[in-house]
Amino acid sequence: MSWYLFYFIIYFGFLFGMGFWYFFRVKGSDDYLIAGWNMGFWSIVGTIISTFCGAAVFIGWVGMGFTVGMSGFFKFALPAYIFTLLLIVFFAKPLRRQRLYTLADLFSERFGSKTGIFPSILSAFIYSVPTLALQIVGMSTVFTLAFDMSFNAGVIVSFALILGFTILGGLPATIITDAIQSVILVVGIIMLFIASVMYGGGLKEILASTPADYLTPFGKEGVTAVLIYALSVGPFYLIWQSTWQRIFASKSEEIARKAGITAVIIGALISILPYGIGVIARGFVPSDINPDLIFSYVTVELLPPALGGIILVGLLSALMTGADSFILQGSSNLTKDLYARLIKPDADERQMMRVSRWSVVIIAVLGLIVAYNITDIITIYQWALRLSAVTLVFPFLAVMFWKRVTAMGGLSSMIFSATITILWPFLDMPIDVTIVGFAVSLLTLIVVSLLTQHSKREKVHAVYFEDFIQSDEDVHERS
């Protein structure tokens, strides 16, 4: 326990030192929420890697490897990285040119402020809050195993640490610490993989004793099941606001694109390892263990504290970076999409900073409440991804490429696809809800847009080809 305490004190001491440093350096809401659109190459590489590798990687993906084998990588991780790569390769430059803050900001600019309410609420409350809760639960598990805390005490400590750091430094502190934490994270997961291989008797022994279904891309479920699952996960990463924030925060279009591509390649390679750890763990952990506890079990039970403590810090760094990113995502939605656009468009910088920090508190408290009710990390995470994807992917693509899309078409598509996605499971129909949701979204978008006219509030651009901001004077007015 003393090793764990030593590592934790060093880690959180560094983290809060950076938080206080940026507390006194950050002067405005643009710096706080979007890092002043001024982050460099390696900062963006590190923060994307760290944000990807949160609770879903260290806890959920190890659990998937244990449950379904390496097919989990092809069901979940690989689609996520492929669609993120598509986002960065095709959309990083045109998105960065808009100098926006959030995904909803894009819809508000294109269709008018009121249309951005729906995606903003979806991003802040349907995605950010439950995924933040996952990080809180993950951190609580670490404190429980390392210090024998109760679940409730671990949740409160985790909440306090996450909120304290995020409210101090905002996105600049998050990105810089993410970049540093990404090194700890990558080293930690590699160390745990090597330790698992050694404990499992070496690769040759592991391959010989593991059923073939756990080593193949499609496992027991087959090609169709894996592809449908991948479809329910992958498209979300086209509209994942955490990646969008990193694109917006980049110093230039070129940095946004090159740093994003670099991070995706590194992240994809690293993400094979958690699934491998889960597969290897089948040989030596109790068969009835909760899959979400396997990572912590392997770390604490099988490794000496001097080594296990380093890996637990890697886990904590992954959880912290995910948590503060999700809080700031929701905070940006509340501050920029709702407060600045709808409630008080003439708010001064002091008011914006105050609202930014209060919105951090709101999202964090809601995450704390949800954290007490989570039982299955992957199920909750996948549901949030599916609902966000079917609701927002086609409207986003229409904004980028189709001038004819109208505000009514975009909003109708969002509302109808969200409604059908929520209600479809209760109808007990054989067709997968993701396919139905995407079909409803696309058909509604096209039909309603063709039947309605552009409103006076719309900026009728296909943003991939035409920027909202046309001059330096416009940039000055927006910022």
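1. Helices (H or I, at least four residues) and strands (E, at least two) are DSSP runs, numbered from the N terminus. On that numbering, Arg99 falls in the loop between helix 5 and helix 6 (103–111). This is a predicted model, in which local features need pLDDT of at least 70 and side-chain atom pairs count only at pLDDT 80 or more, while totals for chains, interfaces and linings use all residues. Residues are numbered from 1 along each chain as its sequence is written, and side-chain values use heavy atoms, with hydrogens and water left out.

2. Arg99 has a phi near 50 degrees, a positive value in a residue other than glycine, and Arg99 is partly exposed, with a relative accessible area of 22%; here buried means under 20% relative accessible area, exposed over 50%, and partly exposed in between, with a 1.4 Å probe and protein chains only. Asp148, in the loop between helix 7 and helix 8, is likewise not a glycine and has a positive phi of about 60 degrees, and Asp148 counts as exposed at 67% relative accessibility.

3. The next points concern helix pairs. Two packed helices are described by the angle between their axes and the distance between the axes. Axes are lines fitted to C-alpha atoms, for helices over the stretch in contact, and angles run from 0 to 180 degrees between N-to-C directions. Angles under 35 degrees count as roughly parallel, over 145 as roughly antiparallel, 65 to 115 as roughly perpendicular and the rest as oblique.

4. For helix 1 (residues 2–25) and helix 8, the axes come within 8 Å and cross at roughly 100 degrees, and the two helices are therefore roughly perpendicular to each other. On the side of helix 1 the contact (heavy atoms within 4.5 Å) includes Phe12, Phe16 and Phe20, and on the side of helix 8 it includes Phe165, Leu168 and Ile176. The residues of this contact of helix 1 with helix 8 divide into 16 nonpolar, five polar and no charged, where Ala, Val, Leu, Ile, Met, Phe, Trp, Tyr, Cys and Pro count as nonpolar, Asp, Glu, Lys and Arg as charged, and the others, Gly among them, as polar.

5. Helix 8 (residues 151–199) also meets helix 15 (residues 305–343), and their axes come within 6 Å and cross at roughly 140 degrees. That angle makes helix 8 oblique to helix 15. In the contact of helix 8 with helix 15 there are 17 nonpolar, nine polar and two charged residues.

6. How do the axes of helix 12 and helix 13 cross? The axes of helix 12 (residues 253–270) and helix 13 (residues 272–281) come within 4 Å and cross at roughly 5 degrees, which makes helix 12 roughly parallel to helix 13. Ala268, Leu269 and Ile270 in helix 12 meet Ile272, Leu273 and Pro274 in helix 13, so that by class this contact of helix 12 with helix 13 has six nonpolar, no polar and no charged residues.

7. A nonpolar core is a set of buried Ala, Val, Leu, Ile, Met, Phe, Trp, Tyr and Cys residues joined through side-chain atoms within 4.5 Å. The largest such core has 142 residues, of which Phe8, Phe12, Leu95, Leu106 and Phe396 touch the most other members, and helix 8 supplies the largest share of this core, 17 residues. A second, separate core of five residues includes Tyr339, Ala347, Met352 and Val355.

8. Leu95 and Leu87 can be read together. Not counting residues up to four places away in sequence, Leu95 touches Leu87, Leu106, Trp244, Ile247, Phe248, Phe396 and Met400. Leu87 itself has its place in helix 5 (residues 71–97) and is buried, with a relative accessible area of 0%. With residues up to four places away in sequence again left out, the partners of Leu87 include Leu95, Tyr237, Trp244, Ile247 and Phe396.

9. Helix 7 (residues 117–147) contains Ser123, which is buried, with a relative accessible area of 7%. Beyond residues up to four places away in sequence, Ser123 touches Ser128, Gln241, Gln329 and Asn333. Val137 also has its place in helix 7 and is buried, with a relative accessible area of 12%; its C-alpha atom is separated by 9.4 Å from that of Leu319, 182 residues apart along the chain.

10. Gly410, in helix 18 (residues 407–427), is buried, with a relative accessible area of 0%. Not counting residues up to four places away in sequence, Gly410 touches Pro395, Val405 and Leu445.
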